[in-house]
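Hello,

Here is the structure I said I would pass on. My notes follow below it.

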Amino acid sequence: MESLITALYLVIAAAFAILIAFVAYRLIKRRPLFSLDLRLLYVRVPKKTAEKDQVEKPVLEQEINLTEQIISALAALKKPFALEASVHHIGEEIKFYLAVPRNSTEFAARQIQGLFPEAQVEEVD
């Protein structure tokens, strides 16, 4: 009877060890997924000035439509990307950053410059 209990403990311990090894193997195998291999682009768009800081409604709608087109083009890649708008210090200009997969950097830059001809796109290291 005692040898049966010992054998049962050994079987459970072996099954547990196999489970841990399997989970560890899956985590190690999936490791490349944690690195998205994204390149960071800095998008510089000249500031448009309007009288008394008022943006006309048609101009605002046009800019929203252009931004929607950029997001749609990037979403069509079916790969992760990130957009960021930041202000480094209060009162400074708004800075736009775009993180795209390494093999899609040129595509993203061309899309932005095609929709916003005055925009400058620089790769950030």
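Does R39 count as buried or exposed? R39 counts as buried, because its relative accessibility is 18% and buried means under 20% relative accessible area, exposed over 50% and partly exposed in between, with a 1.4 Å probe and protein chains only.

Some notes on the source. This is a predicted model, in which local features need pLDDT of at least 70 and side-chain atom pairs count only at pLDDT 80 or more, while totals for chains, interfaces and linings use all residues. Residues are numbered from 1 along each chain as its sequence is written, and side-chain values use heavy atoms, with hydrogens and water left out.

The protein chain has four helices and four strands, taken as DSSP runs numbered from the N terminus (helices: H or I, at least four residues; strands: E, at least two). Their order from the N terminus is α-α-β-α-β-β-α-β. Of the 125 residues in the protein chain, 19% are buried. Among contacts (heavy atoms within 4.5 Å) with a separation of 6 or more, 65% are between residues 24 or more positions apart.

R39 lies in strand β1. Its side chain makes a polar contact with the side chain of E123 at 2.5 Å; such a contact is a pair of N or O atoms within 3.5 Å, where within protein one must be able to donate a hydrogen and the other to accept it, and residues adjacent in sequence count only if both atoms are side-chain atoms. Leaving aside residues up to four places away in sequence, R39 also touches L98, A99 and V100, among others.

L98 turns up again in the largest nonpolar core, which has 14 residues. A nonpolar core is a set of buried Ala, Val, Leu, Ile, Met, Phe, Trp, Tyr and Cys residues joined through side-chain atoms within 4.5 Å. L98 and I112 touch the most other members. At least two residues each come from β1, α3 (57-75), β3 and α4 (105-115), and α4 gives the most, with four.

There is one aromatic pair. The ring centres of Y42 and Y97 are 5.4 Å apart and the planes are at 35 degrees, so the pair is tilted. The rule takes rings of Phe, Tyr and Trp (its six-membered ring) with centres within 6.5 Å; planes under 30 degrees apart are stacked, over 60 edge-to-face and the rest tilted. Y42 is in strand β1 (residues 38-44) and Y97 in strand β3 (residues 95-101), 55 residues apart. Both Y42 and Y97 are buried.

Regards
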